[in-house]
Amino acid sequence: MALNSLPDISTLPLLANVLHCSIDQLMGYAAEQKRITDYEERYKADGYYWGVQPSPMCYEIMKLCPPIKPLRLLDVACGEGKNAVFFARNGYSVTAFDAAHLGLDKAKRLAEKVQVDINFFRADLRDFRLDSHFDIVFCSGSLHYISQELRREILENYQAHTTDAGLHALNVFVRKPFLITESDQREGRYKWVSGELFTYYADWLIVHCEEKIFDCMSGGSPHRHCMDTLYAIKQTAVI
Ligand SMILES: C[S@@+](CC[C@H](N)C(=O)[O-])C[C@H]1O[C@@H](n2cnc3c(N)ncnc32)[C@H](O)[C@@H]1O
């Protein structure tokens with residue numbers, strides 16, 4: 001079939017952004033997909049690596065921003081979707097992304113099983129930037145994939161695309177000299193400095209922040225992590 005017209009080449013970045021794909025993919029060029037995360041391997045197993053029960057943070061979000069009106073929620077690096085699905089079941093309008101194809105496939109299956117609609121897409125959080133607004137931005141267990149020099153830019157982009165009185169609920173693994181784990185040595189993981197996350201929210205109302213050490217069996221061997229957690233609400237500047 002002959003094509004009568006082709007899109008103006010200058011619209012390609014816009015189209016790729018709207019469709020959440022690369023220009024290569026838009027043009028039908030499927031280069032070998034670069035594996036961004038080693039979770040791709042872990043998500044190959046039949047079961048849900050992270051289980052299907054929502055994180056306790058989800059309940060805190062429901063208390064702080066109950067879905068009594070339509071609320072758009074972004075789940076950054078959603079893994080296999082346990083939290084995204086919980087939010088959708090509870091009436092939030094959910095968008096969620098991750099870098100792992102297999103995690104997203106499982107997340108989609110979980111959403112289908114409980115019959116909720118979620119806008120899932122694949123993206124690398126290091127180069128994905130928001131261009132539309134959300135009422136809630138949630139990210140659990142994934143901000144340590146962002147190296148120090150990208151953190152401000154990424155968080156400022158999320159903040160700029162959060163509605164007034166919107167909520168950020170985030171946690172980060174933090175580095176403690178008395179808690180060095182094997183995973184700290186792995187390429188592409190950058191634990192944050194203790195307290196660093198809170199410093200990006202000086203202009204917001206920090207409704208809760210905490211630091212905790214917890215036991216973890218991820219990867220099969222017992223170890224401990226330290227994690228900082230933040231709930232912050234965007235304030236409108238009053239002059
Ligand atoms: C510890 S898991 C947390 C998953 C999910 N947030 C949860 O609480 O179950 C970290 C997730 O980050 C994802 N990830 C790692 N690097 C990423 C990147 N550069 N961009 C997007 N997602 C990434 C992994 O695929 C994995 O699903």
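A residue is taken to be near a molecule or strand when one of its heavy atoms lies within 4 Å of it. The model described here is predicted, so local features need pLDDT of at least 70 and side-chain atom pairs count only at pLDDT 80 or more, while totals for chains, interfaces and linings use all residues. Residues are numbered from 1 along each chain as its sequence is written, and side-chain values use heavy atoms, with hydrogens and water left out.

Around the ligand there are 21 residues, of which Tyr43, Ala77, Asp98, Asp124 and Leu125 come nearest. The side chain of aspartate 124 places an N or O atom 2.8 Å from a ligand nitrogen atom.

Turning to the helices (DSSP runs of H or I, at least four residues, numbered from the N terminus), the axes of helix 4 (residues 56-64) and helix 5 (residues 82-89) come within 10 Å and cross at roughly 30°; axes are lines fitted to C-alpha atoms over the stretch in contact, with angles from 0 to 180 degrees between N-to-C directions. Helix 4 is therefore roughly parallel to helix 5, a label given to angles under 35 degrees. Cys58, Tyr59, Ile61 and Met62 of helix 4 meet Asn83, Phe86 and Phe87 of helix 5, contact meaning heavy atoms within 4.5 Å.

Conventions: Helices (H or I, at least four residues) and strands (E, at least two) are DSSP runs, numbered from the N terminus. Angles under 35 degrees count as roughly parallel, over 145 as roughly antiparallel, 65 to 115 as roughly perpendicular and the rest as oblique. A polar contact is a pair of N or O atoms within 3.5 Å; within protein, one must be able to donate a hydrogen and the other to accept it, and residues adjacent in sequence count only if both atoms are side-chain atoms.
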